[in-house]
Amino acid sequence: MDFSNIDVEAWADEGAEMCVKHPVTGSLLEDANGENVSIWLKGLDSPEAKSIAKAASNALQNGDNAKLEKQGLDLLAKITMKWSNVSWEGKALECNPKNVRFFYKKRDWVAAQVLEFAKNRHNFFTEPQSD
């Protein structure tokens, strides 16, 4: 078995699209034009996620809940690459670190979906290309 073909870190770093689901019904959320609300994410095996996770682990060991929450939002901000059809109070919400932290803090059920998606390696797996 050639393990050089199984590079979960590289797959996670490429990212994948997650379609946001309603927190109760589980149906895909759409904008007014019927387009899916999507968030493109890096996986938790990506280098960015690993560096933040290490800092969060230290905060957890020290019992620093405020720092742990900040580290959690930092992690989600680092792995969020872009999004589409996300708005707040009727206006498109630009995908930048400040807005990502704001959005995930205000809608923790979206943050929970992001975290679940990002930790599932299957979401980032790509078949090797054959020539």
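The legends below describe close-up views of a predicted model of one protein chain.

**View 1. Overall fold of the protein chain.**
The secondary structure consists of five helices and five strands. Along the sequence these elements follow the order α-β-β-α-α-β-β-β-α-α. Of the 131 residues in the chain, 30% are buried.

**View 2. Nonpolar surface patch formed by M1, F3 and I6.**
Together, M1, F3 and I6 make up a nonpolar patch on the surface, with an accessible area of about 390 Å². F3 belongs to the segment that precedes helix α1 (residues 8-14). The relative accessible area of F3 is 60%, and F3 is therefore classed as exposed, the cut-off being over 50%.

**View 3. Helix α5 and its buried side.**
Helix α5 runs over residues 108-119 and has 12 residues. The buried residues of α5 are V110, A111, Q113, V114, F117 and A118. These residues cover an arc of only 160° around the axis, which means that they lie on the same side of α5.

**View 4. Salt bridge between K119 and E116 within helix α5.**
The side chains of K119 and E116 form a salt bridge, with an N to O distance of 3.0 Å. Both residues belong to helix α5 and are three residues apart, about one turn of the helix. In an α-helix there are 3.6 residues a turn, so residues three or four places apart point the same way. K119 is partly exposed, at 48% relative accessibility. E116 is also partly exposed, at 47%.

**View 5. Salt bridge between K50 and E9, linking helices α2 and α1.**
The closest N and O atoms of K50 and E9 are 3.0 Å apart, and the two residues form a salt bridge. This pair links distant parts of the chain, since K50 is in helix α2 and E9 is in helix α1, 41 residues apart. K50 has a relative accessibility of 41% and counts as partly exposed. E9, at 33%, likewise counts as partly exposed.

**View 6. Salt bridge between R121 and D45.**
R121 and D45 form a salt bridge in which the closest N and O atoms are 2.6 Å apart. R121 is in the segment after α5 and D45 is in the loop between β2 and α2, so the pair ties together parts of the chain that are 76 residues apart in sequence. D45 has a relative accessible area of 14%. Because the cut-off for a buried residue is under 20%, D45 is classed as buried.

K42 is located in the loop that runs between strand β2 (residues 38-41) and helix α2 (residues 47-61). At 13% relative accessibility, K42 counts as buried. The side chain of K42 makes a polar contact of 3.0 Å with the side chain of D13. K42 also belongs to a network of salt bridges that links D13, K42 and E48.

Terms used
Residues numbered from 1 in each chain as written. Predicted model: local features only at pLDDT ≥ 70, side-chain atom pairs only at ≥ 80, totals over all residues. Heavy atoms only, no water. Patch = residues over 30% accessible without salt bridge, like charges linked within 9 Å, V, L, I, M, F, W, Y side chains within 5 Å. Areas by Shrake-Rupley, 256 points an atom, 1.4 Å probe, with all protein chains shown as cover. Salt bridge = Lys/Arg side-chain N within 4 Å of Asp/Glu carboxyl O. Helix = DSSP H or I, 4+ residues; strand = E, 2+ residues; numbered from the N terminus. Buried < 20%, exposed > 50% of the residue type's maximum accessible area, 1.4 Å probe, protein only. Expected span 1.5 Å × (residues − 1). Arc of directions from axis to C-beta. Polar contact = N/O pair within 3.5 Å; in protein donor to acceptor, adjacent residues only side chain to side chain.
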